[in-house]
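Please load the coordinates in a viewer and keep the selection panel open. The stops below are arranged so that each selection leads to the next.

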Amino acid sequence: MGIILMMKLKYKSELIRSMSYLAKNKKTIFIGQSVSYSGNAIFNTLSHISKNKKIELPVFEEVQLGLSTGLALNGYVPITCFPRFDFLILAMNQLVNHLDKMRTLSNNSFKPRVIIRTSIGSKKPLNGGVQHTQDYTNVFKNILTEINVVSLKNPKDIFNEFKLALNRKDSKSTLLIENGDYYNSR
Amino acid sequence: MKNLKQKLINFELTIKKIYEKGKIKGPIHLSGGNEDQLIKIFKRIKNNDWVISNWRSHYHALLQGISEKKVLREILKGKSMSLNFKEHKFIASSIVGGGIPIGLGIALAIKRKKQKNKVFIFVGDMTFETGIFYECYKYAKNYNLPIKFVVEDNGLSTNTPTKKAWKTISKKPKDIIYYKYKRRFPHHGTGSWVLF
């Protein structure tokens, strides 16, 4: 029974497949805390990615988001990973006041493409509590004007959403929201 | 140099006049009092270098070689405090410390791509005291990134004396460019009452 259930789970494997696809592009770079060292669910989708495609960062969320914008302005497509939605809150200034406003500020000339990964913290088998499990999807959909916000609920959509984030012609940035509980249930 | 200094001063006086006629529908942040220091600093900055500025950016933009016409056009649109020009690698944020991590990322890309240019990041004395400056300075220094920080110290943040608010101010590291000056104009506007 357990084996049959395992075979049906696609959420994590689709994330891994998406990361492999992104890694094939010369411009992409994976950054954040725990992209190279274990410690969260997102790491488990990046462990197969080559070391030279990853930059392990200190914990400085606001700097991380601004640094991602800077990398994008100078030719990279960063996949910037924030292990929990609750932690992305610390990067709001760079997300809302900067990355989200770059086009408006620059007469549509600066068009940084940043792919932001975050995850709603899992509640099963352990519940991380109010600072580790919040779902702010609607808040971000309301506050962001230039950045696309995508909720990754169905495994069959995951690959196409990441593919679109990398290739969309308007080069807009995308925030992709995972759910930690789906790693073990979908 | 004398001509350049006068050219900078004249540009701001022109903006002042236009603003006082009520023709700029946004706040302006005039530069002034730091012409000599900036002219000297910009001799080190090449055309291909990135400049990360802030809300008081008119002089930075002009000295980076952006034409008066272009800068004026943006100011007339009400963008005095957020001048951004991709073709000149010029970025300005009107949020305290906002441009610093962006400059950090640009510099990280320069290093990884083995490009030859640098990033110059201009901050005020209050921004120098912030956590985000400290984080970015530390990361840039530890990874030997091609960044030069410039601290422009007029002692004030809007009208709050930096030293009074913090009780004391931090020592400036030797590897940053630092200069003091007295600003010629108020934080924003010209000091005259303008009816829009």
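Predicted model: local features only at pLDDT ≥ 70, side-chain atom pairs only at ≥ 80, totals over all residues.

Residues are numbered from 1 along each chain as its sequence is written, chains are lettered from A and ligands numbered from 1 in the order in which they are written, and side-chain values use heavy atoms, with hydrogens and water left out.

**Stop 1: the interface of chain A and chain B**

Colour the two chains separately and select the residues in contact, meaning heavy atoms within 4.5 Å. The selection holds 27 residues of chain A and 29 residues of chain B. About 2300 Å² is buried between the chains, with carbon and sulfur atoms giving 63% of that area; buried area is the accessible area (1.4 Å probe) that two parts lose on being put together, summed over both. Next select Asn74(A), Leu105(A) and Phe110(A), which supply 25% of the area that chain A buries against chain B, more than any other three residues.

Which kinds of pairing cross this interface, salt bridges or polar contacts? The rule finds zero salt bridges there, a salt bridge being a side-chain nitrogen of Lys or Arg within 4 Å of a carboxyl oxygen of Asp or Glu. It does find 11 residue pairs in polar contact, both residues at pLDDT 80 or more. A polar contact is a pair of N or O atoms within 3.5 Å; within protein, one must be able to donate a hydrogen and the other to accept it, and residues adjacent in sequence count only if both atoms are side-chain atoms.

On the side of chain A that touches chain B, show helices H3 (61-73), H5 (92-98) and H6 (102-105) of chain A, the elements that give two or more residues. Helices (H or I, at least four residues) and strands (E, at least two) are DSSP runs, numbered from the N terminus. H3(A) gives the most to this side, with eight residues.

**Stop 2: the largest pocket**

Select Asn40(A), Ala41(A), Asn44(A), Gly180(A) and Tyr183(A), the closest to the centre among the 23 residues that line the largest pocket. The space in this pocket is about 450 Å³. On a 1 Å grid over the protein atoms alone, a pocket is an open set of points with protein on both sides within 12 Å along at least five of seven lines, a cavity is a set of points where a 1.4 Å probe fits but cannot get out, and lining residues have an atom within 4 Å of a point. Grid points are joined across faces, edges and corners, and a volume is the space filled by probe spheres set on the points. Helix H2 (11-23) and E4 of chain A each give two or more residues to the lining, and H2(A) provides the largest share, three residues.

**Stop 3: the second largest pocket**

Move to chain B and select Asn54(B), Trp55(B), Arg56(B), Gly124(B) and Leu156(B), which are the closest to the centre of the second largest pocket among its 26 lining residues. Its volume is about 340 Å³. H6(B) gives the most to this lining, with three residues.

**Stop 4: the largest cavity**

About 70 Å³ of space lies inside. The count comes to one cavity of 30 Å³ or more. E3(B) contributes the largest share of the lining, three residues.

**Stop 5: a salt bridge in chain A**

Over all chains, the count comes to 12 salt bridges. For one of them, select Arg117(A) and Glu178(A), whose closest N and O atoms are 2.6 Å apart. Arg117(A) lies in strand E4 (residues 115-120) and Glu178(A) in strand E6 (residues 174-179) of chain A, so the pair ties together parts that are 61 residues apart in sequence.

**Stop 6: two backbone details**

Follow chain A to the loop between E4 and helix H7 (137-143), where Pro125(A) lies. The peptide bond from Lys124(A) to Pro125(A) is cis, with omega near -5°. Finally, select Ser34(A), in the loop between strand E1 (28-32) and strand E2 (54-56) of chain A. Phi of Ser34(A) is near 70°, a positive value in a residue other than glycine. Most residues other than glycine have a negative phi, and most peptide bonds are trans.
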